[in-house]
Amino acid sequence: MDITRRTILTAGAATAAVAIFPRPHVARAALPLAQPKLPFAEADLAPVISARAVGLHYGKHHKAYFDKLNTLAAGTRYADMELAEIVTEAARSKAAADVKIFNNAAQAWNHVAYWDQFVPGGPNRPTGKPAAAVNETFGDYDGFIKRAVDVSDTVFGTGWVWLTRDDDNRLALVGYEDGNNPVAVGRPAYLGVDIWEHAYYLDYENRKAEHIRAVLDRLVNWRVVEERMKA
């Protein structure tokens, strides 16, 4: 399934998006939107993702999306919306100003979901119904990782690989370019792998596939993913 900007622009999914947003670390709605604190120490993801990489990714890139969004959305119809609503509403518009707001809101959203899925202490493999669903769709967890790597190669340039559902409501790994995400097209976002170069280049240089494998093999807290799947 190819998710493009055109697909996003034709979607209407505000209600669904608000329901599936990983809300625990979002303290308020309406501008100025505050970047949530990391739910772990910067060094907690090492050696898969180094403290330096986390610090730059969170403290520079993620922060910049929130800062830019607050500037762009001030005085607009988005000023009283919560983050997920900004994503879905801006995705419907082709206006240049709205596209800029979408890009920054989506990336702010994406990264909140990204950091939350790494909260230490949970199982690094799915159990119960999520495990059955992963095994049914991908064969086993190794097949799930392999599929994520393969899907990442369908994304030209920057983007994300998200565990979501397809048009038939089946579990699927889908590649999205730039900051696009499942929420903007009314689909759930269970797990996301950031494949922008700032997510992995410090630690892995050009070895993107190695980064994806390490993240999925060692970092994901599947208790968080399971809660998203229940929402």
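Contact here means that heavy atoms lie within 4.5 Å of each other. The model is predicted, so local features need pLDDT of at least 70 and side-chain atom pairs count only at pLDDT 80 or more, while totals for chains, interfaces and linings use all residues. Residues are numbered from 1 along each chain as its sequence is written, and side-chain values use heavy atoms, with hydrogens and water left out.

**Exercise 1. Describe how helix H7 packs against H9 and against H6.**

Step 1. Helices are DSSP runs of H or I with at least four residues, and strands are runs of E with at least two, numbered from the N terminus. Axes are lines fitted to C-alpha atoms, for helices over the stretch in contact, with angles from 0 to 180 degrees between N-to-C directions.

Step 2. The axes of H7 (residues 141-152) and H9 (residues 208-218) come within 10 Å and cross at roughly 145°. On the H7 side the contact is made by Tyr141, Phe144, Ile145, Ala148, Val149 and Ser152, and on the H9 side by Lys208, Ala209, Ile212, Arg213, Leu216 and Asp217.

Step 3. H6 (residues 128-138) packs on H7 at an angle of about 60°, with the axes 8 Å apart. Here Val134, Asn135 and Phe138 of H6 meet Tyr141, Gly143, Phe144 and Arg147 of H7.

**Exercise 2. Work out the strand order of the open sheet and identify the helices that pack on it.**

Step 1. Two strands pair if DSSP finds at least two bridges between them. The three strands follow the order E2-E1-E3 with antiparallel pairing, and E2 (171-177) and E3 (191-194) stand at the edges, each with a single partner strand, so one side of each is left without a neighbour in the sheet.

Step 2. E1 (residues 159-165) and E3 are joined over four bridges, and Leu191 in E3 is the bridge partner of Leu163.

Step 3. H5 (residues 96-116) packs on the sheet, touching E1 and E3, and its direction makes about 65° with that of E1. H7 lies across E1, E2 and E3, running at about 25° to E2.
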